[in-house]
Amino acid sequence: MDTAQICTAITDNFPYPIVFADVKHVIRYNNRAAQYHYCTERGHDDLLGKSLLDCHFNPASRDMIDAVINKFKKDAKELFLKVNDRNQRVYITSVLDGNKNLMGYYERFEMNLSLQPTVHQDATQDADNRSL
């Protein structure tokens, strides 16, 4: 088993889409979840080798992607973009080579868990009793 097989297996087992594009926005890799989401659910043809910008018809989205890449050239920290309509947090993460040159970026998703603090009646009473 080589490193490429291991990396593909890891990303294919990740439950959310992962799409990697180079600095010219050409899609070089997508995991199984991305293939399903973009090709099966949204009706795109195979995206490998195509421009990521062709998937974004809104000029503001294209401008935002270009701005993120320019930011990555100076500061390669992951950026939170938004919470999408599936209640998933969307991030763009830079990918650097061994010399810290920007190779590209990938978009990743995770569930947006909103945890509300819960105060149980018993806990409130216990706190009141301790202060006596």
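The conversation below goes from the overall layout to individual side chains.

Visitor: What are we looking at, and how many helices and strands are there?
Guide: This is a predicted model. The protein has four helices and five strands. Starting at the N terminus, the elements follow the order α-β-β-α-α-β-β-β-α.

Visitor: In what order do the strands sit in the sheet?
Guide: The order is β2-β1-β5-β4-β3, in an open sheet with antiparallel pairing. At the edges are β2 (27-30) and β3 (79-83), each of which pairs on one side only. From one strand to the next, the twist averages 20°.

Visitor: Which helices pack on the sheet?
Guide: Helix α2 (residues 32-41) packs on it, touching β1 (19-22), β2 and β5 (102-111). The direction of α2 makes about 110° with that of β2. Helix α3 (residues 59-74) also packs on the sheet, where it touches β3, β4 and β5. The direction of α3 makes about 120° with that of β5.

Visitor: New topic. How many aromatic pairs are there?
Guide: A search of the whole structure finds two. In one of them, the ring centres of F14 and Y16 are 5.7 Å apart with the planes at 70°, so this pair is edge-to-face.

Visitor: Are those two residues buried or exposed?
Guide: F14 is partly exposed, at 31% relative accessibility. Y16 has a relative accessible area of 18% and is buried, because the limit for that class is under 20%.

Visitor: And which residues make the other pair?
Guide: F80 and Y91 do, again edge-to-face, with 5.5 Å from centre to centre and 65° between the planes. F80 belongs to strand β3 and Y91 to strand β4, so the pair ties together parts eleven residues apart in sequence. F80 is partly exposed at 47% relative accessible area, whereas Y91 is buried at 12%.

Visitor: What else sits over the ring of Y91?
Guide: The charged end of R108 does, at 4.2 Å from the ring centre.

Note on methods:
Residues are numbered from 1 along each chain as its sequence is written. This is a predicted model: local features need pLDDT of at least 70, side-chain atom pairs count only at pLDDT 80 or more; totals for chains, interfaces and linings use all residues. Side-chain values use heavy atoms; hydrogens and water are left out. Two strands pair if DSSP finds at least two bridges between them. Helices (H or I, at least four residues) and strands (E, at least two) are DSSP runs, numbered from the N terminus. Axes are lines fitted to C-alpha atoms, for helices over the stretch in contact, and angles run from 0 to 180 degrees between N-to-C directions. Contact means heavy atoms within 4.5 Å. Rings of Phe, Tyr and Trp (its six-membered ring) pair if their centres lie within 6.5 Å; planes under 30 degrees apart count as stacked, over 60 as edge-to-face and the rest as tilted. Buried means under 20% relative accessible area, exposed over 50%, partly exposed in between (1.4 Å probe, protein chains only). A charge sits over a ring if NZ of Lys or CZ of Arg is within 6 Å of the ring centre and within 35 degrees of the ring normal.
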